Amino acid sequence: MHGYIRIVDAVNLRVGRVMMYGIFALMAILLWSSISKAFFVPSLWTLEMAQFVMVAYYILGGPYSVQLGSNVRMDLFYGDWSPKKKAWFDLFTICLLIFYLCVLLYGAVSSTAYSLGYWGSEPFSYLGGLVTGAEELGRLERSSTAWRPYLWPIKAVIVLGMFLMLLQCISEFFKDYLRIKGEAI
Amino acid sequence: MSYELIAILMFSSMMLMLLTGQRVFGAIGFIAVVAALLLWGDRGGFDIGFSAAMKLMKWYPLLTLPMFIFMGYVLSESKIADDLYRMFHVWMGGLRGGLAIGTIGLMVLISAMNGLSVAGMAIGSTIALPELLKRGYDKRMVTGVIQAGSSLGILVPPSVVLVLYAMIARQPVGQLWLAGVLPGLMMAGLFIVYIVVRCWINPVLGPVLPAEERNIPRAEKLRLLRAGLLPIVIFATMMVPFVNGWTSLVESSAIGALAAFVAAVLKGRMTREVFENSVRNTLGITCMFMWIILAALAFGAVFDGLGAVKAIESVFTERLNLSPWMILILMQLSFILMGTFLDDTAMLVIVAPLYVPLVGALGFDLIWYGILYTITTQIAYMTPPFGYNLFLMRAMAPPEISIRDIYASITPFVMIMVLALVLVMIFPGIATWLPDYVYNKQ
Amino acid sequence: QSKITWRMQTYAGAALAAEVIDPAIKMFNTIAGDRMQIELFYADQLVPTGELFQALQRGTIDAVQSDDDSMASPTEVTVFGGYFPFGSRYSLDVPVLFNQYGLNEIWDEEYSKVGVKHISAGAWDPCHFATKDPIRSLADLNGKRIFTFPTAGRFLTQFGVVPVNLPWEDIEVAVQTGELDGIAWSGITEDYTVGWADVTNYFLTNNISGAWAGSFFANMDRWNELPEDLQTLFRVCCDQSHYYRQWWYWGGEANLRVNGTKLELTTIPDEEWATVETAAQVFWEEIAAESETKRRVVDIFKKYNADMVKAGRPYRYT
Ligand code: NA
Ligand code: NA
């Protein structure tokens, strides 16, 4: 349990620290957009690229923001509870959060499978099959803009981010458990 | 089970989940996907959560969110507002309550440089608060001044809250921002009147600065005035190209963020630590907003799918048979009530989609309503038990200020905000005159 | 027997849907009564338009009103939905192409492959530019950021147009926030109906297509589950919607050009506009070269246009 917490937190910390600088990538794209618009022909790709960067920024940065404790809670009662009581409540309610993340992840995986040309109802086995070579790529989904980027990369990023978020929340679950047992984390 | 009942059940179980203190996005998201699965099973129950992510990706004005948050952190972390504070200190110190009045002025200028109230709170409580307390100002009054003053950040453009409102109400951000200018200044004016009157009645609340502190050379005094140029320059580099249509909204926000960053570098304040804090906090706050909106969009889609909007509309107009103004006033009251214990993002994304179409259908101007909405949010920021400014004040205030002081401090200011709300309701021109003037001359 | 409930999403926003789809669905619900009800959702309400096709395929939603192009359906005929450049001149061309020239069969084949029922295609309005600044020559198109359909956008890039794709409901605001310089998504009726005429100043009378082609679709399993009489009723109501749009747009376009006060009309001279029409022929060939099915469709378009020219007035005046 300690090992899991250490590894997951370390991975998400690194990922988050890298994504943190995404703000400058976003800024650069938007500045290029205004420059190209003012002096040349407006770029086709800037707005959509900025949207992709933003998605990566907040989805992949999500687990780190959980570590930072940035996610607000309503502390009408919660604020006055003892650490142990907080941990007890969290232990239960974080399971609900984990459930939400599982549903999100399932949707993301099936949408990613779709973007790779799979239209069936077993997205996980399809993606597994892709890795082992049992399945083939189908029609690749493209964005319906003039730039027409393929959509699987950003969807894959979302899958990865939601998976990391899931791992992080399981780590939080373990931490609550340890807190209740009175162990150091 | 009728759809109305399901809608009520969803809403109340979400409130219950929120009360357990779990992260807001988790509470909302869980109810959303469970409701979707129960209602639609495998025929769509699994997709609602994720398709919100794709919807969110396409909401381009949200690109401004990290930019304005970054701007705010750069301003507060780099302390480039210190000079501004000194300017007000020296120029206003001679009046009764002058420093408090100066703090309001400071908050207005900071509001024009960032889109949230966080920067104002940070600057107010780290720079202004200790000085005010040292000079013998009444602690309850000054805590209120800082909380109320910093909340102007979301009313005076640029404003993140108005960007989010614009997304939901489908109204132009530019006009909404302009609509916020006069009400923002009016509210600042009302705060000042309040301070002047109270200090005039009871000078102990805001003593005049000792003469030796004010006795500095005129040249030095004039030099300090230059500090006021910085916010004007940052505001102008962002707003002028935008209002003239040279750059789009999201591009302007990037220019504003860059301008704040460059200003901090030029003033030599962009240390490694400031840089680290600004970048990290921007990620944290942006993620918080985005994950809440992600969950709330799914919640909204399910709610919408139930026809809850139509149900509420018919309750108001047909069953209760209320006049448009009565409905509007009821809505504002319920908003204020919800604002006391709901997070403003959750409030906006869940409740506004129910109310805004109704406001439009009743024939009210949605630009004007955006301002009413924002003032209500300002009130929500300050009212216990849940409010950002309240939290920040609790976290940043020195030990001699108790929670009781903080709660007591906001009462008069909340009353002033309600007064401002009423004034804007009675005289819509306060909000609509400026956008009408600017956009109709084209 | 319990009541059947369908969720249907249209790609039109609420203001437009009030004209082009609400009446037909209301009619369906009134007639079907306790046996079946359709709940209608507007653009991006349940799922974003980009995800619409997947949602239909999986049964998140049961039926869709959209063009193939906007919802990016993974078929060979996608590019011909919406506004295929110069694919039609009048709104009657669309049902003729589908019912008499064989497009119905091709669409049916293509959508059956991906598990979706193609119910019927109909025409909407022509595709015109509504812009903040006037367009009086092709040079005026250069560098304009325009909200338009994917395939039309691809075609227009050769004239310097920068196509932008945003959620339908955000367009009015995007023009005001400077994200867009104009719109090439509809005729003048829609510009007035949905509020775009309030944020733009000029309307170009030349169009790049005489009629939008879009369809009703249903999830294949849901469709097959319907008893035959409800299938028929659904088809009849779709046809009613197609018919309503025929006269609503045709009359509306003329009326607003003549009596509208919000948009000033501009025109690119015929000789200059001919270069765009020629470019469209090249574009057709490019598309046809992409696959066998696309070749079949392009050939049908060519045959149809040749027939119309031979038929002479009133089918074609040049
Ligand atoms: Na502001
Ligand atoms: Na509150």
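How many Å separate the centres of domain 1 of chain B and domain 2 of chain B, taken over C-alpha atoms?

**Entry 1: ground rules**

I am working with a predicted model, where local features need pLDDT of at least 70, side-chain atom pairs count only at pLDDT 80 or more, and totals for chains, interfaces and linings use all residues. Residues are numbered from 1 along each chain as its sequence is written, chains are lettered from A and ligands numbered from 1 in the order in which they are written, and side-chain values use heavy atoms, with hydrogens and water left out.

**Entry 2: domains of chain B**

I looked up the domains, whose bounds come from an automatic or database domain assignment. Domain 1 covers 1–58 + 291–306, and domain 2 covers 59–270 + 307–440. Their centres, over C-alpha atoms, are 31 Å apart.

**Entry 3: chain A against chain B**

I counted contacts (heavy atoms within 4.5 Å). Chain A gives 63 residues and chain B gives 63 residues. Next I looked up the buried area, the accessible area (1.4 Å probe) that two parts lose on being put together, summed over both. For chains A and B this is about 5800 Å², with 76% of it on carbon and sulfur atoms. On the chain A side, A:Tyr58, A:Met74 and A:Tyr100 lose the most area to chain B, together 14% of what that side buries.

Then I checked salt bridges (a side-chain nitrogen of Lys or Arg within 4 Å of a carboxyl oxygen of Asp or Glu). I found three between chain A and chain B. One of the salt bridges joins A:Glu172 and B:Arg23, at 3.8 Å from N to O. The chain A side that touches chain B holds 41 nonpolar, 14 polar and eight charged residues. In this scheme Ala, Val, Leu, Ile, Met, Phe, Trp, Tyr, Cys and Pro are nonpolar, Asp, Glu, Lys and Arg are charged, and the others, Gly among them, are polar.

**Entry 4: chain B against chain C**

Here the contact takes 28 residues from chain B and 27 residues from chain C. About 2400 Å² is buried, and carbon and sulfur atoms give 50% of that. B:Arg43, B:Tyr60 and B:Arg170 supply 30% of the area chain B buries here, more than any other three residues. I found two salt bridges between these chains. One of the salt bridges pairs C:Arg58 with B:Asp47, at 2.9 Å from N to O.

**Entry 5: the sodium ion**

Which residues are the protein donors of the sodium ion (ligand 1)? I listed B:Ser111, B:Asn114, B:Gly153, B:Val156 and B:Pro158, each through its O atom, 2.3 to 2.4 Å from the ion. Donors are N, O and S atoms within 2.8 Å of the metal (3.2 Å for Na, K and Ca); water is not among the atoms, so sites may look incomplete. The donor spacing in sequence is S-x2-N-x38-G-x2-V-x1-P. B:Ser111 sits in helix α6 (98–111) of chain B, and B:Gly153 in the loop between α8 (139–151) and α9 (160–169), 42 residues apart. The helices (H or I, at least four residues) are DSSP runs, numbered from the N terminus.

**Entry 6: B:Leu37**

I found B:Leu37 in helix α2 (24–40) of chain B. Its C-alpha atom is 16 Å from that of B:Gly26, eleven residues apart along the chain. Leaving aside neighbours within four places in sequence, B:Leu37 contacts A:Phe99, A:Val103, B:Gly45 and B:Phe46.

Note on methods: Helix = DSSP H or I, 4+ residues; strand = E, 2+ residues; numbered from the N terminus.
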